Amino acid sequence: VREEVQRGFIAHRCDQYLGGAWWGVVVYSVFFGAGHIDQGYDATIAIGLLGFFWGLLYISRRSIVAPLVSHAMFNLAQLLKYLAFAAR
C-alpha cells in the first residue's frame, strides 16, 4: 500500500478517534523517517520532514491526491538525478 494512502488513513482515523489528525501525522512521520534509517541519519530526518509536509498537505486538502502527486514527482526527480549522473 502506498505511503500516501496509509498516511491519509492514519490521519483520518486519528482525527476521528485518537486525538486529532495532527497527532497522526506527527507519529506517522516519525515512523516514516525511521523506516529510512538505513539511508543515514540525515536522510532519515529529511524523509521524516517530507512525510510531515505530505501529511500537512493531506490535512489541508482532505485528499490524498496532492500528496500522491508530490511524492511521485519527488521520486521522478530522484530517478532523473540518478540517470543524469549514472551516465557519466
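Biologist: Among contacts between residues at least 6 apart in sequence, what share join residues at least 24 apart?
Modeller: That share is 48%. Keep in mind that the model is predicted.

Biologist: How many helices and strands are there?
Modeller: Four helices and zero strands. From the N terminus on, the order is α-α-α-α.

Biologist: What does the C-alpha trace span along its principal axes?
Modeller: About 50 × 25 × 20 Å. The protein has 88 residues, and buried ones make up 28% of them.

Biologist: And how much of the accessible surface belongs to carbon and sulfur atoms?
Modeller: 69%, out of about 6000 Å² for the protein.

Biologist: Let's go inside. Which residues form the largest nonpolar core?
Modeller: Six of them: Tyr28, Phe32, Ala43, Ile47, Trp54 and Leu57. Two elements give two or more residues to this core, helix H2 (21-34) and helix H3 (41-61).

Biologist: Which element gives the most to this core?
Modeller: H3, with four residues.

Biologist: Where is Cys14 relative to Leu57?
Modeller: Their C-alpha atoms are separated by 16 Å. Along the chain the two are 43 residues apart.

Biologist: New topic: Ser29. Buried or exposed?
Modeller: Ser29 counts as buried, because its relative accessibility is 6% and the cut-off for buried is under 20%. Ser29 lies in helix H2.

Biologist: Which residues is Ser29 in contact with, neighbours within four places aside?
Modeller: Gly48, Gly51 and Phe52. With Phe52 there is a polar approach as well: a polar atom of the Ser29 side chain lies 3.1 Å from the backbone nitrogen of Phe52.

Biologist: Now the outside. Which residues form the nonpolar patch on the surface?
Modeller: Val65, Leu68, Val69, Met73, Leu76, Leu79, Leu80, Tyr82 and Leu83. Together they have about 850 Å² of accessible area.

Biologist: Take Val65 from that list. Where is Val65?
Modeller: Val65 is in helix H4, which covers residues 65-86.

Biologist: Why does Val65 count as exposed?
Modeller: Because its relative accessibility is 52%, and exposed means over 50%.

Biologist: Last one, Arg62. What is phi there?
Modeller: Near 55 degrees, a positive value in a residue other than glycine. Most residues other than glycine have a negative phi.

Biologist: Where is Arg62 found?
Modeller: In the loop between H3 and H4. At 43% relative accessibility, Arg62 counts as partly exposed.

Conventions
Residues numbered from 1 in each chain as written. Predicted model: local features only at pLDDT ≥ 70, side-chain atom pairs only at ≥ 80, totals over all residues. Heavy atoms only, no water. Core = buried A, V, L, I, M, F, W, Y, C linked by side-chain atoms within 4.5 Å. Buried < 20%, exposed > 50% of the residue type's maximum accessible area, 1.4 Å probe, protein only. Patch = residues over 30% accessible without salt bridge, like charges linked within 9 Å, V, L, I, M, F, W, Y side chains within 5 Å. Areas by Shrake-Rupley, 256 points an atom, 1.4 Å probe, with all protein chains shown as cover. Salt bridge = Lys/Arg side-chain N within 4 Å of Asp/Glu carboxyl O. Polar contact = N/O pair within 3.5 Å; in protein donor to acceptor, adjacent residues only side chain to side chain. Contact = heavy atoms within 4.5 Å.
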